[in-house]
Amino acid sequence: MSGVMGEDGLVPRARSSLPVVCTGGLGLLTLLCAWLLDSDKFMERTVVIAFCITVEMFIHSMCLFAEEWLFHSRQRYQGRINEIFQACFRGRVILGMCAISLGLGWSFSEEQWSTMALTCAIYLLLKCLGVLGPAPVEISEICETKKMNVAHGLAWSFYIGYLKFVLPDLHNKVSRYSSTRGNLSSPRLHILLPLNAKVPAKPEEEDTNVVFHENLPELERDTAGVRNRSYKNSVYKITQNNEAFSCVLEYATPLLTLYQMSHESSAGFGERERKQQVLLFYRTLSQILENSLECRNRYRLVLLNDEHTGDPHYLSREIIQHLKQQDGEIYMDPIQEPPNEVHPVPEEGPVGNFNGALRATFPEDPVSSNPTLMFSQPQSLRSEPVETTDYFNQPNARRWD
């Protein structure tokens with residue numbers, strides 16, 4: 001799970017529909033004011049303005065269609081005219097053209113035609129110059145909504161190509177390590193995400209209190225044509241004020257891509273954009289892992305703020321803070337329901353009465369008709385006893401291994 005130590009003030013939330021609501025409310029209020037100022041010609045002017053806006057959007061869509069059809073028809077659309085049409089014309093433009101057809105019944109004066117032509121010309125020129133283009137915040141919202149950011153692709157690649165099969169196997173590797181080396185302070189994989197995307201080769205380079213101890217047993221699998229590709233996880237010892245902790249940690253390697261992109265002029269990726277992408281990477285990866293039953297409760301995202309100048313032990317302090325926060329948490333494996341589970345049906349009649357008397361006579365039977373609340377040490381749900389009753393050889397008897 002991800003940490004909650006100050007991330008709420010850093011990680012951007014998804015944008016709401018407030019601009020749409022405000023725009024719609026102001027539009028209705030403006031319509032009311034226009035009707036109060038001149039109710040006699042309100043309908044006539046409304047039709048003229050709607051006609052102008054629709055024609056402007058239609059002409060602009062035709063320009064887009066000409067570009068796509070003449071130069072990109074085969075490469076981008078495989079010659080399908082209907083796909084080009086759908087890419088250039090929005091549904092609202094088509095509905096607007098239908099309204100134009102109905103509005104042609106109106107008899108416009110020469111002055112009105114002149115006003116509409118002038119309005120269309122000004123709109124097209126401003127559109128050409130980029131004055132009417134989307135604001136940066138609108139572009140950002142479109143990219144986030146359509147999952148088009150670099151951070152979205154990197155987060156999904158990190159999950160599909162690494163975490164999806166490393167995290168489910170982590171519990172077994174930690175158990176084997178604990179049986180011979182001693183228990184870790186946390187069984188989770190701690191993934192470090194610095195805001196500046198600067199990922200060192202070794203955590204010791206950032207903080208001398210973080211020292212490499214040893215690697216966990218390797219995981220080997222055939223991936224992308226590579227036979228027995230090896231995946232490792234490292235255990236580190238963290239010390240602070242004579243306290244010693246140990247955990248599995250590593251940096252999020254996709255952040256290296258963001259850092260290197262920000263130093264390539266051809267990527268068009270500045271420092272400000274890099275920080276925003278890191279925060280989006282954190283938010284996207286957190287959502288992906290929380291929705292994954294195989295990975296849930298097996299990780300910890302540690303967001304590192306790069307504004308810790310002058311603190312040589314910032315990294316160890318943040319990791320220990322996360323480890324201490326987990327002391328009060330109960331670690332459990334994701335629950336996996338057995339297929340086609342059959343729930344016992346209460347017995348009725350003489351047989352039920354006989355079994356009830358039998359259970360009362362032998363209280364050592366672990367199966368009780370009355371539910372009992374019991375507390376035990378945290379452990380994996382997979383290690384719970386399973387019923388192995390042989391109903392054919394031992395009728396009306398229940399036994400737990």
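Helix H1 is hardly covered, with 0 buried residues among its 20 (buried means under 20% relative accessible area, exposed over 50% and partly exposed in between, with a 1.4 Å probe and protein chains only). The model is predicted, so local features need pLDDT of at least 70 and side-chain atom pairs pLDDT 80 or more, while totals for chains, interfaces and linings use all residues. Residues are numbered from 1 along each chain as its sequence is written, and side-chain values use heavy atoms, leaving out hydrogens and water.

Helices (H or I, at least four residues) and strands (E, at least two) are DSSP runs numbered from the N terminus. H1 spans residues 18-37 and reaches 28 Å from its first C-alpha to its last, close to the 28 Å expected at 1.5 Å a residue (1.5 Å times one less than the number of residues). An unreviewed UniProt entry annotates residues 18-37 and 43-66 as "transmembrane region"; such annotations may be inferred rather than shown by experiment. Residues 43-66 are 100% helix and 0% strand, with end C-alpha atoms 35 Å apart.

An open sheet of 5 strands has the order E2-E5-E6-E1-E7 and mixed pairing, where two strands pair if DSSP finds at least two bridges between them. Strands E2 (210-215) and E7 (299-304) stand at the edges with a single partner strand each, so one side of each lacks a neighbour in the sheet. E1 (residues 189-194) and E7 run parallel and are joined by 6 bridges; Leu189 has Tyr299 of E7 as its bridge partner. Helix H10 (residues 271-290) lies across E1 and E7, at about 170° to E7. Angles run from 0 to 180 degrees between N-to-C directions, with axes fitted to C-alpha atoms, for helices over the stretch in contact (heavy atoms within 4.5 Å).
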